[in-house]
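I opened the model to look up charges, rings and a few distances. My entries follow in the order I made them.

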Amino acid sequence: MIESVIIITDQSPMGKNSALEAIRIGSGFVALGEYVNCQIVFMGDAVYLFSKNVKPEAIGMDPLDEILEIADLSDLELYIVDQALENAGMTDDDLIEYENLKIITIDEVVDLIENADTSFRF
């Protein structure tokens, strides 16, 4: 039985739904029961999803409020890789407020993957 899942996403949230769908999928895993722990790692361009300055509605996409509410209700643990944040020219001050959003190193990502029952890239 799978008890823990790591979802890794690195696609830009603008013009694609990969980063948003990772949160929806993670919420689905959590909804399966208390035994499925899901953590989502945002790398590459996916870190832009959490920028205070992102305005998805400007390009015809849904606002982020709804998806973040889903993540919050599911108590999802979301992680941003520090190097990806730096590569995007952002700091933690540029990020939206979300209680379960943490900045981690790539070594910590490796640990998450090693300790999970399964992982996949989305």
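I started with Glu21, which is partly exposed at a relative accessible area of 27%. For these labels, buried means under 20% relative accessible area, exposed means over 50%, and partly exposed lies in between, with a 1.4 Å probe and protein chains only. Glu21 forms a salt bridge with Arg24, and the closest N and O atoms are 2.7 Å apart. I counted a salt bridge where a side-chain nitrogen of Lys or Arg is within 4 Å of a carboxyl oxygen of Asp or Glu. Arg24 is also partly exposed, at 31%. Both residues sit in helix α1, 3 residues apart, about one turn of the helix. Helices (H or I, at least four residues) and strands (E, at least two) are DSSP runs, numbered from the N terminus.

A note on the source: this is a predicted model, in which local features need pLDDT of at least 70 and side-chain atom pairs count only at pLDDT 80 or more, while totals for chains, interfaces and linings use all residues. Residues are numbered from 1 along each chain as its sequence is written, and side-chain values use heavy atoms, with hydrogens and water left out.

**Salt bridges**

How many salt bridges does a search of the whole structure find? I got 2. One of them joins Asp10 to Arg121, with 3.0 Å between the closest N and O atoms. This pair links distant parts of the chain, 111 residues apart. Asp10 is in the loop between β1 (4-9) and α1 (18-31), and Arg121 is in strand β5 (residues 118-121). Is Arg121 buried or exposed? Arg121 counts as exposed, at 56% relative accessibility. Asp10 is partly exposed, at 27%.

**Negative patch**

Glu57, Asp62, Asp65, Glu66, Glu69, Asp72, Asp75 and Glu99 form a negative surface patch. Patch members have over 30% relative accessible area and no salt bridge, and like charges are joined within 9 Å. Asp and Glu count as negative, Lys and Arg as positive; His and the chain ends are not counted. I took the place of a charge as NZ of Lys, CZ of Arg, CG of Asp or CD of Glu. The areas come from the Shrake-Rupley method with a 1.4 Å probe.

I checked two members. Glu99 lies in the loop between α3 (82-87) and β4 (101-104). Glu99 counts as exposed, at 72% relative accessibility. Asp75 is in the loop between α2 (65-74) and β3 (77-81). Asp75 is exposed too, with a relative accessible area of 53%. I also noted its backbone: phi of Asp75 is near 55°, a positive value in a residue other than glycine.

**Aromatic pairs**

I then turned to the rings. The structure holds 2 aromatic pairs. Rings of Phe, Tyr and Trp (its six-membered ring) pair if their centres lie within 6.5 Å; planes under 30 degrees apart count as stacked, over 60 as edge-to-face and the rest as tilted.

Phe29 and Phe120 make a tilted pair, at 6.3 Å centre to centre and 55° between the planes. Phe29 lies in helix α1 and Phe120 in strand β5, so this pair ties together parts 91 residues apart in sequence. Phe29 counts as partly exposed, at 22%. Phe120 is partly exposed at 29%.

Phe42 and Phe50 make an edge-to-face pair, at 4.7 Å centre to centre and 85° between the planes.

**Distances**

I stayed with Phe50, which lies in the loop between β2 (37-42) and α2.

Val110 came next. Val110 is in helix α4 (residues 106-115) and counts as partly exposed, at 38%. How far apart in space are Val110 and Ser27? I read 22 Å, C-alpha to C-alpha, for positions 83 residues apart in sequence.

My last entry is Asp117, in the loop between α4 and β5. Asp117 is partly exposed, with a relative accessible area of 46%. From Asp117 to Ile106 the distance is 19 Å, C-alpha to C-alpha, and the two are 11 residues apart in sequence.

Definitions and conventions. Patch = residues over 30% accessible without salt bridge, like charges linked within 9 Å, V, L, I, M, F, W, Y side chains within 5 Å.
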